[in-house]
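Please have the sequence and the model open while reading.

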Amino acid sequence: MAQTFKSLPAVPDHAALEREILGWWDDEGVFDRLREQNRGGERWSFIDGPITANNPMGVHHAWGRTLKDVFQRYKALRGFDQRYQNGFDCQGLWVEVEVEKALGLNSKREIEEYGIAEFAARCKERVAEYSEVITEQSKRLGMWMDWDNDYHTFSDTNISYIWGFLKAVHERSWLYTGHRATEWCPRCGTSISQHELFAGEYKELEHPSLYVRFPLKERSNEALVVWTTTPWTLPANVAAAVKPDAEYGLRDGNWQLAVTDEEYNHVARGEELVGLEYVGPFDDAPAQEGIVHRVIPWDEVVLDEGTGIVHIAPGAGAEDFQLSRVHDLPVLVPIDESGVMLPGFGPAEDLSSDEAADVIVEDLRRRELLVESGTITHRYPTCWRCGTPLVFRVVDDWFIACDEIREPMLDANATVQWTPDYYSKRMDDWLRNMGDWNISRKRYFGLPLPLYPCDCGELNVIGSRAELEERATAGLDGLQELHRPWIDEVTIACAACGKDVRRIPEVGDAWLDAGIVPFSTLGWNNPEWIEHGYATGAASGLSGADLPDHSYWEHWFPADWVSEMREQIRLWFYSISFMSMTLVGKAPYRAVLTYEKLLDEHGREMHRSWGNAIAADEALDEMGADVMRWQFCEANPGQNIKFGYGPAHEVKRRLLTLWNSVKFFVDYANVSGEGEAGELEPLDRWLLSRTEQLVFETTAAYERFWTPDVVASYESFVDDLSNWYIRRSRRRFWEGDATALTTLRTALLRSLIVISPVMPFLAEHLWRVLRSDDQPESIFLVGWPEVGEIDDLLLEGVAETRRVVELGRQARGDAGIKLRQPLRELVVDGPALPENLVREIEEELRVPLVSFRNVQNVYVTRLKPNLPTLGGKGLGKAIPKIREALDQGEYENLPNGRLLVAGHELDQEDVLSEVEAEPGWAVAQDHEVTVALDLTLDPKLQLEGRVLDLIHELNTMRKQAGLELADRIVVTLPDSTADLLPSADRTKGDVRAVEIRTDGGSTAPEIAKA
């Protein structure tokens, strides 16, 4: 082996190594060479769900971006041609809220005072800044993308495509204005759609808890008692609802839900109370003028909390609003878009809904309408963008009706391969229960909805920028991009009457921006390729993305695979599916990988205020990208990941086994020099077969989009390679056996290829150390290995051998006998093994004899109850009798594998077995194999143990002295160890000594460099 290999340090510096590889990739143009190498190959289409360019990337983003990169790298190794287009979400409240914080703005009024044009400029600046930051972070993570070809969702081209979608929706008569109660963020001043509500966070919040009297008009000294946690809604009360078939009781003048076994002055069914009129809590407020308050029936009244009588305010609740339609109730809206009480709504006007609570409570107490007040802590929805608690308001919003597309979307979802597969049902559940899509937001920097309603009743919907330019009557000269305020100045001629009409001021739901990308980025219906035709409007200068032609879309649509976190089922997966089914009647993706949330290593959510948040840049520098990626890839995507420095240190420890294996090869190969490989020994054949098994297993796991199995297979392989092949072949390496070195190198190189998508930096570094001159410089230019011959019988035999060895080690440990002490015999009660594998057991366990026979005469098995499982099955009281029966051996083995003990049928898991060896023996067993070690030591065995202890001590001294592998030593032993000299020849070989001698003056072994 003529090649000299670059030496490796004792441990890798992951961060430094990764920075070196990043520079080398750039200098050598490795990614560009890979793309060129695969160009024209079979296509594999991946569409990137856009990351929002409003802040630096977080470690939770790094999980998803790692998975995207892993499978793109895998498919590239298999020769697939890919697009590698990264996406940035660039507008909507994600961006607006961060810009407001940076500018110190706290309301929509302040934004308008600042200037919408200036505000839009700041939004674009933030997107430009953080798209660059995220790009550099993603590169540092090892993500390969075509970074000069990013798509930005605020481009005029993207917006124009959405307009085309909205026009198609209008032509199907799905577009309408809805007057309804909707979840509202008072901080952002806009409504929240159903899918956004689910994406938000429910927090444990403390709210007032009030019990309030509503005096009945025609019944002296009688009143209804209602319960509410939203005092600000009481000035908008118009009715009280009861459950018709529930029983209500009157006591001390107050009507509320009757409780069994309690006494009341009178009991009546809810239907008997329906129609009664009452005095409202704020009838003197101007807004309440002319309102007649009455009791209405409602089958959905909840009876397990409150009083069973529900206060109804249609202007402040979704269910209340629906009841107003059924019972023709007036609708009073008590708050403005900032959540401030409006004039005419009683003593709390001009206060926020939170501030209003104390004023309303005191006013009710003063008028003796307050029965009880306190607080309640409950889960309450908050804004997914800013975290503000939501309220309900009745507003006019624009909606897309979903009924007609629901079944086609369900049918399309049935064709999609979901990983994990149960997320398919999650998507089905969402589609079956989704409401109409609320697409309008009363904000500023977002998709301008192209809706131009006319007084004549015509709704003009513009389908593209070209159509806008064709129909515009004014404002085009100042239209620098398709955003407010410039788009607001463009008027068009009504198609029905010719009158000039203006666009509505609302902007669109941000999921329209992301949902259209399978069409806008691929050039759907575009007749000819336009260079830089996607990077238009606000995106001009940020990217060089072209607008392809329709044939390009036909080639790359639909995506073969997409991946985002689980909450995107209701967000991005939903929006791209909705828009795709609308436009072409086809699902936009064939396969989906989704994953759960990232938590800290203790299972808590990460929050800066808690001190447990880890910034992505910090993690990349402190852990290294490969270690982060390993944590992400070994995690089950269907479960929350516990991420942190503790798990990272554990990953580094495990990766050190691979590092040490490569270092072992390098050190011995550099010492051994040239050598021609000879005939393979059985252990060589096993390692090569084990390597092909790794290729087979990891290929199957990648094809299933399941990285946990990739990592598990690889770690198992490295354990086999290090703790069996290298361990069992160590003497061959000492002797410079070229066959062993070649076998080890082959296995390492092939194994690095299959793990390179998961940890690209370490794999690339080690590949460059190990590769031969005739192999590609980069591991990513090699290509995916084809699975070679696998000898299943050999693999099974060695696996059984290792199983016996592990049991033998366990028995030694239980008996307190160190591994270096030879023993007389190992008896195996299990399947016999071939002679060559028996020799492996003899050498590994240091026993001269391994025999296969029944060993029940050297141990007894005692059974005892498994307290946790029995307690969990309600058998806690029976445990003493079960223990006594097991101790006495009074149990029956049943045909179904269970045990009958003290009258109870127990599962195998309910009983623990303990092995108690006879004196002079050590025993260990698993479900199928039992091993027994004869612990009797004679002088010869004791002497051999001392020789092995000496070898271990001398090699430790070599390491502590910093000697190189090639260095030879002279060993001086004290006279007390002179009886070890007959074994000097063996010891010399194992410690690379040229002489071993005794010296009467020494009290401990000494070494010196020869």
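## Aromatic pairs

Rings of Phe, Tyr and Trp (its six-membered ring) pair if their centres lie within 6.5 Å, and the planes of a pair count as stacked when under 30 degrees apart, as edge-to-face when over 60 and as tilted otherwise. In this predicted model, that rule gives 50 aromatic pairs.

One of them joins Y422 and Y423, whose ring centres lie 4.9 Å apart with planes at 50 degrees, so the pair is tilted. Y423 is buried at a relative accessible area of 0%, whereas Y422, at 43%, counts as partly exposed. The rings of Y668 and F733 also form a tilted pair, because their planes stand at 50 degrees, with the centres 6.3 Å apart. Since Y668 belongs to helix α21 (residues 645-672) and F733 to helix α24 (residues 730-734), this pair ties together parts that are 65 residues apart in sequence; both Y668 and F733 are buried.

## A cluster, and charges over rings

Ring pairs also link W44, F46, F71, Y74, W561, Y702, F705 and W784 into a cluster. Elsewhere in the list of ring contacts, R73 lies over the face of F780, at 4.6 Å from the ring centre, and R728 lies over the face of W724, at 6.0 Å from the ring centre.

## The protein as a whole

The protein contains 32 helices and 41 strands, and 55% of its 1010 residues are buried. Among contacts with a separation of 6 or more, 75% come from residues 24 or more positions apart.

Conventions. Residues numbered from 1 in each chain as written. Predicted model: local features only at pLDDT ≥ 70, side-chain atom pairs only at ≥ 80, totals over all residues. Heavy atoms only, no water. Helix = DSSP H or I, 4+ residues; strand = E, 2+ residues; numbered from the N terminus. Buried < 20%, exposed > 50% of the residue type's maximum accessible area, 1.4 Å probe, protein only. Contact = heavy atoms within 4.5 Å. Lys NZ or Arg CZ within 6 Å of the ring centre and 35° of its normal.
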